[in-house]
Amino acid sequence: MADTPPAPARLRALPSWLLGRAATRGRGLVAKALADEGMKMWHHAVLSAVVELGPVAQAELGRVLSVDPKDMVGILNDLQEDGLVSRAPDPADRRKNAITATTAGRRKLRRCETVADRANDELLAALTPAERDQFLALLRRIADPAAPCD
């Protein structure tokens, strides 16, 4: 972005423009860090949700992450092929698949979390620790105005 000419002043003053630029930079930093670990952004998000929620129904994962069911199938196929998750019939409802992280999946997630944390630290490097806390609290309020405040 450093070689890109600056946007018009009016755009640079818009919160939506600034948030979009910051999000683009953050996604780029995290995507590169994850790619160095052999992981894509959505695969990381799904694996993270499986570890936190698992065993979890495939459909529930899609709802929680707002991922189209067809896309979720592809992501889970990739994760299963890499030995990071397993699918089994849900004991509560055999019509559903329950997704569980494997030991290899949990290890991979820990490595990915470490590099993603470093990328996010780089993104927020210009802020003091207190400013980071405040910034994150404000972003949460903007992202989900109905959510209770921290």
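Predicted model: local features only at pLDDT ≥ 70, side-chain atom pairs only at ≥ 80, totals over all residues.
Residues are numbered from 1 along each chain as its sequence is written, and side-chain values use heavy atoms, with hydrogens and water left out.

The protein chain has seven helices and three strands, where helices (H or I, at least four residues) and strands (E, at least two) are DSSP runs numbered from the N terminus. Read from the N terminus, the order of elements is α-α-α-β-α-α-β-β-α-α. A box of roughly 55 × 35 × 30 Å, taken along the principal axes, holds the C-alpha atoms of the protein chain.

The three strands make an open antiparallel sheet with the order β1-β3-β2; two strands count as paired if DSSP finds at least two bridges between them. At the edges lie β1 (56–57) and β2 (85–90), each of which pairs on one side only. Helix α5 (residues 69–81) packs on this sheet and touches β2 and β3, contact being heavy atoms within 4.5 Å. The direction of α5 makes about 120° with that of β2; axes here are lines fitted to C-alpha atoms, for helices over the stretch in contact, and angles run from 0 to 180 degrees between N-to-C directions.

Strand β3 (residues 93–101) is joined to β2 by six bridges, the two running antiparallel. Together β2 and β3 form a hairpin with two residues between them. Within this pairing, Asp90 stands opposite Asp93, and Pro89 is set opposite Asn97. On the other pairing, β1 and β3 are antiparallel over two bridges, and Ala57 has Ala98 of β3 as its bridge partner.

The largest pocket holds about 600 Å³. Grid points are joined across faces, edges and corners, and the volume is the space filled by probe spheres set on the points. Of the 17 lining residues, Ala22, Ala23, Gly26, Asn120 and Leu123 are the closest to the centre of the largest pocket. Two or more lining residues come from each of α2 (15–36), α3 (41–53), α6 (103–123) and α7 (129–143), and α2 gives the largest share, six residues. The lining divides into 14 nonpolar, two polar and one charged, with Ala, Val, Leu, Ile, Met, Phe, Trp, Tyr, Cys and Pro taken as nonpolar, Asp, Glu, Lys and Arg as charged, and the others, Gly among them, as polar.

Five salt bridges are counted, each a side-chain nitrogen of Lys or Arg within 4 Å of a carboxyl oxygen of Asp or Glu. One of them links Lys32 with Asp36, whose closest N and O atoms are 3.1 Å apart. Because Lys32 and Asp36 are four residues apart in helix α2, about one helical turn separates them.

Two backbone details remain. Most residues other than glycine have a negative phi, and most peptide bonds are trans. The bond from Gly54 to Pro55, however, is cis, with omega near -10°, and Pro55 sits in the loop between α3 and β1. Ser66 has a positive phi, near 55°, and lies in the loop between α4 (58–65) and α5.

Definitions and conventions: 1 Å grid on protein atoms, 1.4 Å probe; cavity = no way out; pocket = protein on both sides within 12 Å on 5 of 7 lines; lining within 4 Å.
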